[in-house]
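Dear colleague,

My notes on it follow directly after.

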Amino acid sequence: MFNDYYPEMMPTLWDHQKRALEELRKGYSAGHRRQILMMPTGSGKTLTAFSLIHSSLAKCKRVMFVCDLNSLIQQTSENAKKHGLVNHGIIQADHPSYNPSLPFQIASAQTLESRGFPPDPPDLIIWDEAHCQRKGLIEYIKAKDIPTLGLSATPFAKGLGLTYSNVVNATTMAELTDNGVLVPMKILACTPIDMTGAKTSGGEYTDKAIEERSIRIVGDVVKEWHEHAHGLKTILFASTIDECEAYTGAFNAAGVVAMSYTSRTKPDEGAEIMNDFKSKEPSIQVLLSVGRLTRGFDVPDIQAGIDIRPLRKSLSEMIQKLGRVIRSSPGKTGALWLDHAGNIPRFQADIEDIYHNGLSSLDDGEKKDAVVRKDVEAEPKPCPKCGYAPFFKRCMSCGFEKAKTMEENVPGRMVEIIIGGKVAAKDNYDLYGQLCHIARNRGYSPGWAYHKYKEIAGGEFPKSLPRFEQMPDIPPTSAVIGKLKSLEVAFRKARGKHASMGAY
């Protein structure tokens, strides 16, 4: 039964995917039974998971892949078959492929919670879109102490750190853009929705408040699409279904074929809409939705996005939306983002940070998703080097960074970094060079060196330092190596020791 799978059908993994699997195995060996794999949209999280499933099945380990949405079950099943995971059961209400005896199962989170969990737990659970937490599934995983891998491009949800003890930040959007996995994005600040004094709930604008105010710029949205994105396959993010349908009507009235794809869309009609929009020459030019285009929506050749849902806190939703349009596709050289919501200026600092560095911890992600951002009235300034806009501190197009005017940059001023009474580094540059050297030798991501610098130095990362790829290899001192070991030991003690490598 464990032999009815075909790993030879798997394509060769990209370097960042191999790195992700290696880091996950290291994390498991270090005692992390439940880990989050953070990889940007388009980086191949599912393919990485399939590789892990193949290796687990080869060790006669039983695996369950959990989908958060029922609508993703069939898509995941077909994708699994395409990659050699042919013989699997499906746990979903009345599904014809239900067969709990098979070692690999694809399960609906809703079905598990409503109809009960398997009494004999799997050896490994892989949970797609793990930031969409489900109480029943979390309780089952913890009660049975099941090794669990959560997949997410945006692990920012409150409480994730209570379930998972480690986040593997395998790659960054910047690295993937450099490698051609993602495409550069051009952002235009268009006619904004005036949210001055709008009612809020839980830190976000209410849907009703957005809908009432956005209706005033319907004509501008259509006009500016014609001016900047005419002919481009486009998706639009609205706040409510009624708003979605109002904008759909406005586009159609202007001679643009547009369709709404929401929870009101009947299944047969939805399938027809998606088949058309996914085709190489769709009749639908603009596809509008509320939330159905941010999870499990896979159309790489989308060229433009329109945002009319203002946000104040949810960085995760913002990044999920951007991720829908920056995936690469044959012939696609870039993507266009029309920002009518004012979200880009509000979230620019955090978007830049995630773009270049990813996350260092789940706590860091939770904090980023809890902060209420203020409106930015000033026009975003372009990068002084390449002209890309908006620009905050570090350009997402050319990587240019603002120079620091702090004392650390005064010529001839060198401050030694002392650890345990020993000189660990001559200065910030020396310390970062050592960490870059260690990261390269161990196959870690650039984000590892960035976050370890902050952890060791105990402060913000100096923006005057060169980018990771521009740093030379500086041999690490014994003090730095010792500090890294002590950090690892402290972490292990805090989390407790667990069994060595098993399901992974």
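**Helix packing and selected residues**

Helices α1 and α2 cross in a right-handed manner (a crossing is right-handed if the near helix is turned clockwise from the far one by less than a right angle, and left-handed if anticlockwise). The contact involves Gln-17, Ala-20, Leu-21 and Arg-25 on α1, and Leu-47, Thr-48, Ser-51, Leu-52 and Ser-55 on α2; contact means heavy atoms within 4.5 Å. By class, four nonpolar, four polar and one charged residues make up this contact (Ala, Val, Leu, Ile, Met, Phe, Trp, Tyr, Cys and Pro count as nonpolar, Asp, Glu, Lys and Arg as charged, and the others, Gly among them, as polar).

The model is a predicted one, in which local features need pLDDT of at least 70 and side-chain atom pairs count only at pLDDT 80 or more, while totals for chains, interfaces and linings use all residues. Residues are numbered from 1 along each chain as its sequence is written, and side-chain values use heavy atoms, with hydrogens and water left out.

Helix α1 spans residues 15-29 and helix α2 residues 45-58; they pack at an angle of about 55 degrees, with their axes 10 Å apart. Axes are lines fitted to C-alpha atoms, for helices over the stretch in contact, and angles run from 0 to 180 degrees between N-to-C directions. The two helices α1 and α2 are therefore oblique to each other (angles under 35 degrees count as roughly parallel, over 145 as roughly antiparallel, 65 to 115 as roughly perpendicular and the rest as oblique). Helices (H or I, at least four residues) and strands (E, at least two) are DSSP runs, numbered from the N terminus.

Asn-169 belongs to strand β7, residues 166-169. With 11% relative accessibility, Asn-169 is buried (buried means under 20% relative accessible area, exposed over 50%, partly exposed in between, with a 1.4 Å probe and protein chains only). A polar atom of the Asn-169 side chain lies 2.9 Å from the backbone oxygen of Asn-357. Beyond neighbours within four places in sequence, Asn-169 has contacts that include Met-38, Gly-358 and Ser-445.

Asp-94 sits in the loop between β3 and β4 and is exposed, at 70% relative accessible area. Glu-129 lies in the loop between β5 and α5 and is buried, at 9%.

Finally, the peptide bond from Ala-389 to Pro-390 is cis, with omega near 0 degrees. Pro-390 is placed in the loop between α14 and β16.

With kind regards

Terms used. A polar contact is a pair of N or O atoms within 3.5 Å; within protein, one must be able to donate a hydrogen and the other to accept it, and residues adjacent in sequence count only if both atoms are side-chain atoms.
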